[in-house]
Amino acid sequence: MPMATHMRKMKKKVIKKFKALNKIQLRSLCANKFKMIIVFTCIVVALLAVLMCFIFPVSDVTYFWNWSVINVKETHFPRDFLWGTATAAHQVEGDNDKNQWFTFENGGFTNSDKNIANYERSGIACNHYNLYREDISMMKKDLGVNSYRFSIEWSRIEPSKGNYDMNAVQHYHDVIDELLKNDIKPLVTLHHFTEPQWFADLGGFEHFENIEHFVKFSEFVFRAYSKKVEIWCTINEPNVYIVEGYISGSFPPAKHSIVTALKVTTVMCEAHVRVYRALKKISEELNVKSQIGLVLQLSQVDPQNRYNPIDRICTFAAEKISVGLYLDFFSKGSMYVPFLVNYANTDAVGANDFFGVNYYRNDFFGMTLDIPPIKSVKDYKNREYNDMDWEIYPEGIYRAIELVNKTLPGLPIIVTENGLADAKDAKRAKFFDRYLYAVNKAIQDGCPVKGYMAWSLMDNFEWASGFYPRFGLYKMNYKTMKRTLRSGAKPFIETIKKWKVENNIKD
Ligand code: FCB
């Protein structure tokens, strides 16, 4: 029988059967069909979700350790470990009035007096510029540390383009000499969020042609101090500088542009590479040892709901912009986001003698109705948060270290910042114990962590949040400038003591 005739007969049969159905039978048939559509839709969504997981992989190492069975005191750090605290010039020195943050605090970039919480200004901050001797003596006597990470304020050294202030140069010589006198190794950061206003006026890191100014400043500083300083951090957290300065707009230059943010990402990464190469050349010329590295903020990001494709896409995008691009660039020599970034420089591979890991928090990403639509959301019960609502998640520092070690295998890692804002000092001790345990575990598991810098020596000016966040091992009385050691610093001090005993290190 020809095919067409066969089909016609079949159709007639179906119609006949359908007409013969009574109402009840018809209803049940429809219900079955409805069920089938639901089942079919579920299968399609599930398949899409699985597909999304492949297209948008997110971290699948969400550790949650059972702290009740862990002995956090069971740590063994290597003999040559660096123990220190960290600060940044603008946050502690006081009277920095030639950089773009001063402008921002005073309403620049936005024409608003609300750039800083509670209308505060960094002002005299902790007056560390004048009180550094006392501060170094506290580090030595109370904390027993063997290193200190601080930044050299570019706008003090080069207040106007090409003009160097030799008094400022002498000041940092004095700081470094004081540290060395106390057997404290200086770790110097060249750019910690601030830059001279003249550099910002040129468009800062928005333009490749401005990199040369940063290279010149870095070379100048390196020539001045490299006989006394071995460890150099080029740029502190370009990812935070960019996300806050160019996406959320809460840091200067207070812009909101993903396109500019991604351009600045390429310029800052390129700046790091050029500074690295330039300083390595000078190291050879001056015959000095140097270890030079970038410092990145390695907050861990997870989807709110791991099985929700939208949350996965948001997390994937957030991770890519804030961390992935940098790790790609320094491991493969290129970074790529379709239609947005395509930048390569093979010189980037090997342009770090160590990698600086700053770690504070864990963020959950998911779809919200906010603009931008990607927002970190705290939606987990029984988790602890610091005074800034950052989730405290010590397992995350292990993940951050593990991620760097996986991407840049064997490259020495220094935890260049870690701590928590805790004005009541109620959580600090518990979390230092846990953070230090997690860092030690990373070492035991094969990650080459060479040092740990607690953030921060004392409470200080926390950028757009002003003075309310209290990160200090020392509590600051901003009226009297008195520093008081917090009891929450105890685990940090005790761990250093234990390490000294184990390694027979005398004070
Ligand atoms: C980091 C910054 C540091 C300090 C801490 C709390 O992102 O590098 O200056 O503000 O956060």
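I began with the elements, where helices (H or I, at least four residues) and strands (E, at least two) are DSSP runs, numbered from the N terminus. With that in hand I placed S290 in the loop between α11 (258-286) and β5 (291-297).

Before going on, I noted that this is a predicted model, in which local features need pLDDT of at least 70 and side-chain atom pairs count only at pLDDT 80 or more, whereas totals for chains, interfaces and linings use all residues. Residues are numbered from 1 along each chain as its sequence is written, and side-chain values use heavy atoms, with hydrogens and water left out.

**The chain as a whole**

I looked up the elements of the protein chain and found 15 helices and 17 strands. The C-alpha trace spans about 100 × 55 × 45 Å along its principal axes. I then asked what share of the 507 residues counts as buried. The share is 54%, where buried means under 20% relative accessible area, exposed over 50%, and partly exposed in between, computed with a 1.4 Å probe and protein chains only.

S290 counts as buried because its relative accessibility is 11%. Its side chain is joined to that of S283 by a polar contact of 2.8 Å; such a contact is a pair of N or O atoms within 3.5 Å, and within protein one must be able to donate a hydrogen and the other to accept it, while residues adjacent in sequence count only if both atoms are side-chain atoms.

Y132 sits in helix α5, and it counts as buried because its relative accessibility is 5%. I compared Y132 with V92 and found them 40 residues apart in sequence and 9.9 Å apart in space, C-alpha to C-alpha.

**The ligand**

Which residues are the closest to the ligand? I found 13 residues around the ligand, the closest being Q91, H192, N236, E237 and E462, where near means that a heavy atom of the residue lies within 4 Å. The shell divides into five nonpolar, five polar and three charged residues; Ala, Val, Leu, Ile, Met, Phe, Trp, Tyr, Cys and Pro count as nonpolar, Asp, Glu, Lys and Arg as charged, and the others, Gly among them, as polar.

I noted a polar side-chain atom of Q91 at 2.7 Å from an oxygen atom of the ligand. An N or O atom in the side chain of W463 is 3.0 Å from a ligand oxygen, and for E417 the corresponding distance is 3.1 Å. The protein covers 97% of the 300 Å² of accessible area that the ligand has on its own, by the Shrake-Rupley method with a 1.4 Å probe.

**Two cis bonds**

I found the peptide bond from P252 to P253 to be cis, with omega near 5°, and placed P253 in the loop between α10 (238-248) and α11. The bond from W455 to S456 is also cis, with omega near 5°, and S456 lies in the loop between β15 (449-455) and β16 (474-477).

**Two positive phi values**

Is D95 buried or exposed? D95, which is not a glycine, has a positive phi of about 55° and lies in the loop between α3 and α4 (100-105). I recorded D95 as exposed because its relative accessible area is 56%. N127, also a residue other than glycine, has a positive phi near 55° and lies in the loop between α4 and α5, but N127 is buried, with a relative accessible area of 14%.
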